[in-house]
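Biologist: Please take a close look at the interface between the two chains. How are the copies related, and what makes up the contact?

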Number of protein chains: 2
Amino acid sequence: MSIRELKKQKKKRAILESAISLFNENGYDNTSIAQIARKAGIGKGTVYSHFNNKKSIIQGFCEYELEKIHNQLIAQSNRDSSVLEQMLIIYMTEFEHVTKNREFGRLYMREALFPDDEDQRNTSDLEKKYFDVLFPILQKGQERGELRKDLDLLHITAHFYSLYILVTSSWYTGRLPTSGVKVAMELLFKQALNGLSPAPATNTIGENCND
Amino acid sequence: MSIRELKKQKKKRAILESAISLFNENGYDNTSIAQIARKAGIGKGTVYSHFNNKKSIIQGFCEYELEKIHNQLIAQSNRDSSVLEQMLIIYMTEFEHVTKNREFGRLYMREALFPDDEDQRNTSDLEKKYFDVLFPILQKGQERGELRKDLDLLHITAHFYSLYILVTSSWYTGRLPTSGVKVAMELLFKQALNGLSPAPATNTIGENCND
DNA sequence: CTGTAAAAATGACCGCAGTCGAATTGTATA
DNA sequence: TATACAATTCGACTGCGGTCATTTTTACAG
């Protein structure tokens, strides 16, 4: 690694650290690039040689964090627990990381779910890692009979992920206090597994299997 | 209604119309308030006497639109259809409206789900109307035995709403083409009703259901 | 119609995100 | 070490969102 690359990495980290502390201190909108640059001890223009724009400072940080989580989870994952337990661990871990730096997490969720048209998403590799964590768990779940075998793994993921989004949103909007997040997520995950309609045995099977 | 109020309403509509066309033409970020003002035939400062900031132009529009939808739905709703059918109609209607003006919808979803801390949400009345539409349908569903009676109506709503968010996000991120939205939503709604885990009694029932 | 006070409209102004060409620093070759 | 070249840094500059003191319009009493 040349001196150049080394300096570049160092500066990038300095920018991120300045940005994180300033964003959490004063909020995203109340922090100027000039401030970040000053705190990092560099010129304003230099910030833009490391990040395309203000938003991508957030993306850079969050994607870096998320990748760390995923690597952690792959190492930690306990193949023997139930799907419910493992999903709870995964999404609660992600929730904690996303909301640890409130401002960063908020802007990341926005960009990830409803991105600017111009920002062509480069999350594909991140997504791949995501699925690398989830799919083995779900597959095992299918083999163990915890999950219906006729369902696409992608669709199963969709249910858990969508509930994760909702819970996170509820936390951000203040409808759900931090203390209630885990309970809510567990409840909703269980309901997703069991279904909203009554068990077929007791009731009209035909209606549940309508097409 | 005084002449003042009348003029004010007229100008507000003029601003919105200019904003809608410019946003859809050039995108939100590439449209300046000055442009909107010029097109509406007023001064720049006047825009700010009708809207607190650029974002609230979007909110004003979308909340107005959503209220229209809700009123429509209350009138239209067919109490005799299944919960699945009614939910599909409601959320597909909302999807169509939200995505009709792509840019507006995107920014509205962002604000609704992950709002700025400073913007204290005033969506409570909008939410109330929302529940006024949904709860009767779900209640009827419980009475008819389509939905488990032990579930909180709010939680049932959560499942459908979260899937709606996911599908909408998938559309905005380009993962789901417009043509695939309804199919995806129906599939996911059915799965939410039936549950992700196999029916307790037998394993084969699940396989007869859905695709 | 006139005077007047409140309401509304306005655009100059401020601080910021992002750009760009010039200046500086690192690298390679002789 | 000297020189040429590429990468990096920089801050003055542009156009924008949002503010505010000033001007213009409206409502109404005398």
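Modeller: The model is predicted. Chain A is superposed on chain B by a rotation of 180 degrees with 0.0 Å of shift along its axis, at an RMSD of 0.1 Å. This is therefore the relation of a two-fold axis. Within chain A, A:Gly195 has the C-alpha nearest that axis, at 1.6 Å.

The contact draws 55 residues from chain A and 54 residues from chain B. Because 91% of the interface residues of chain A are also interface residues in chain B, the copies meet through the same surface. The size of an interface is often expressed as the accessible area lost when the parts come together. Here the area buried between chain A and chain B is about 5200 Å², and carbon and sulfur atoms account for 57% of it. On the side of chain A, the residues that lose the most area to chain B are A:Phe114, A:Arg148 and A:Leu196, which together give 18% of what that side buries.

Polar interactions also cross the interface. There are 25 residue pairs in polar contact between chain A and chain B, and four salt bridges are found across the interface. One of the salt bridges joins A:Arg175 to B:Glu127, with their closest N and O atoms 2.2 Å apart.

As for secondary structure, the elements of chain A that each supply two or more residues to the side touching chain B are helix 6 (102-113), helix 8 (153-172), helix 9 (181-194) and helix 10 (205-208). Helix 8 of chain A gives the most, with 13 residues. By class, that side of chain A comprises 25 nonpolar, 14 polar and 16 charged residues.

Terms used:
Residues numbered from 1 in each chain as written. Chains lettered and ligands numbered in written order. Predicted model: local features only at pLDDT ≥ 70, side-chain atom pairs only at ≥ 80, totals over all residues. Heavy atoms only, no water. Least-squares fit on C-alpha atoms with pLDDT ≥ 70 in both. Contact = heavy atoms within 4.5 Å. Buried area = accessible area lost by both parts, 1.4 Å probe. Salt bridge = Lys/Arg side-chain N within 4 Å of Asp/Glu carboxyl O. Polar contact = N/O pair within 3.5 Å; in protein donor to acceptor, adjacent residues only side chain to side chain. Helix = DSSP H or I, 4+ residues; strand = E, 2+ residues; numbered from the N terminus. Nonpolar A, V, L, I, M, F, W, Y, C, P; charged D, E, K, R; others polar.
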